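Please have the sequence and the 3D view open as you go.

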Amino acid sequence: MSFIPVIKSEFPASLLQSSESHDHSDADLIQSLVFQAWLNEKFSPELMENKSELVECVMEQLTHMEENLQRVRKGDVKASVHRMEIDRIRFVLSSYLRSRLQKIERFFPHVLEKEKSRADGDPSFLSPEEFAFAKEFLANTEVYLRNVALKHMPPNLQSIDMLKAVPEPCLDSFVFLRVKERQENILVEPETDEQREYVVDLDKGSQHLMRYRTIAPLVASGAVQLI
Amino acid sequence: MDPAEVEFLAEKEMVKIIPNFSLDKIYLIGGDLGPFNPGLPVEVPVWLALNLKQRQKCRIVPPEWMDTDKLEEIREQERKLDTFTPIPSLYYMELTKLLLNHSADNIPKADEIRTLVKDIWDTRVAKLRLSADSFISQQEAHAQLDNLTLMEINTTRSFLLDSLNYMYKLRSNLQPGRSQDY
């Protein structure tokens with residue numbers, strides 16, 4: 001019995017960037033997108049844009065494959081190969097979701113503020129589940145702080161502004177990156193007062209070390225990959 | 001990032017094996033593999049090659065660059081130049097370790113290869129330490145590091161990035177502003 005992954009027509013069109021309609025290249029694309037999203041989320045100082053379409057697609061593939069595996073007798077060589085691959089992809093996916101949750105817990109007021117202030121047409125930064133988690137986390141933290149400390153303070157000091165209390169993500173952190181599409185005239189800001197700012201060109205395939213702030217839009221668009 | 005995670009990424013690389021069993025094509029989520037015929041070479045990802053080797057179902061063919069002459073050349077190049085020479089595989093360290101640990105019997109002159117790769121690694125990491133040191137002391141804002149592999153970057157990642165971030169915070173603390181991440 002052969003296990004064939006979910007066929008191409010079920011992949012959301014937005015995930016397919018190449019115009020070639022070939023099962024294998026699409027399947028490989030999905031897997032490399034997951035790995036890229038995992039690495040970007042791991043190394044970026046702020047919460048990246050939500051990739052719920054990709055996550056759902058991969059979950060669908062995994063459950064489809066698992067169902068197939070249930071129907072086959074144990075000890076089949078093919079089944080063990082598929083199972084190993086499923087475990088690998090599951091690890092990447094869990095690690096990706098865990099990084100996102102860690103960042104949500106660390107920056108929860110800012111994440112919620114960003115979500116509230118985005119326009120209706122823009123893609124959301126949080127999946128519905130993550131949004132619910134962030135709101136609950138905020139509510140629980142407020143209740144906790146109130147019960148443990150705030151209610152014992154004098155009345156005029158009993159409020160707390162979460163946006164000021166919780167530090168923001170530091171977008172000026174340094175990151176390592178690899179360039180996927182050539183970029184020109186990226187501004188490099190000076191570290192000290194004596195230096196002046198200068199521009200660099202990023203060639204395809206080169207690797208660099210620089211501040212996250214200037215290249216943040218390039219990471220979001222996929223032109224560079226954090227490593 | 002854990003070195004184990006870097007190794008996890010390295011395991012996606014393809015390597016040639018010679019199976020001793022037969023199996024028709026497997027349609028994995030990440031692409032197709034096979035068909036497998038005894039005695040005929042086929043390309044599979046390293047994670048699968050290692051597993052099959054452990055179950056004694058295949059022989060692993062070492063990659064082209066895993067050869068004493070080539071590696072000696074690379075080592076000489078590396079020792080001569082101050083910059084990082086291009087190396088044949090982005091994951092040379094991980095692949096050497098994995099393949100030599102699990103299938104040293106399939107690889108000729110395994111011990112020599114191990115020593116050569118270790119020498120190359122030591123030279124490169126020493127160069128990396130020097131350039132990281134000068135990066136910090138000259139307070140540069142940008143560095144280009146082509147030809148560096150992920151495993152090498154990973155050895156200095158936490159130290160270098162954290163120090164650069166703290167230095168930035170110390171400098172920018174002179175300006176009033178919103179609370180920053182500590």
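**A strand with two faces**

Buried here means under 20% relative accessible area, with exposed over 50% and partly exposed in between (1.4 Å probe, protein chains only). Helices (H or I, at least four residues) and strands (E, at least two) are DSSP runs, numbered from the N terminus. In a regular strand the side chains alternate between the two faces of the sheet.

This is a predicted model, in which local features need pLDDT of at least 70 and side-chain atom pairs count only at pLDDT 80 or more, while totals for chains, interfaces and linings use all residues. Residues are numbered from 1 along each chain as its sequence is written, chains are lettered from A and ligands numbered from 1 in the order in which they are written, and side-chain values use heavy atoms, leaving out hydrogens and water.

**Strand pairing**

- β5(B) runs antiparallel to strand β1 (residues 14-19) of chain B, and four bridges join them; strands pair if DSSP finds at least two bridges between them.
- Opposite C58(B) in β5(B) stands P19(B).
- Pairing also crosses between the chains: β4(A) and strand β6 (residues 143-144) of chain B are antiparallel over two bridges.
- L209(A) has A143(B) as its bridge partner in β6(B).

**The interface between chains A and B**

- Chain A gives 55 residues to the contact and chain B gives 49, where contact means heavy atoms within 4.5 Å.
- About 4,900 Å² is buried between the two chains, 62% of it from carbon and sulfur atoms; this is the accessible area (1.4 Å probe) lost on putting two parts together, summed over both.
- Three salt bridges link chain A and chain B, each being a side-chain nitrogen of Lys or Arg within 4 Å of a carboxyl oxygen of Asp or Glu.
- R88(A) forms a salt bridge with E11(B), with the closest N and O atoms 2.9 Å apart.
- The elements giving two or more residues to chain A's side include α1 (23-43), α2 (52-70) and β4 (207-211).
- α3(A) supplies the largest share of that side, 12 residues.

**Chain A as a whole**

- Seven helices and five strands make up the secondary structure of chain A.
- Their order along the sequence is α-α-α-α-α-α-β-β-β-β-α-β.
- Chain A has 227 residues, of which 44% count as buried.
- Among its contacts between residues at least 6 apart in sequence, 69% join residues at least 24 apart.
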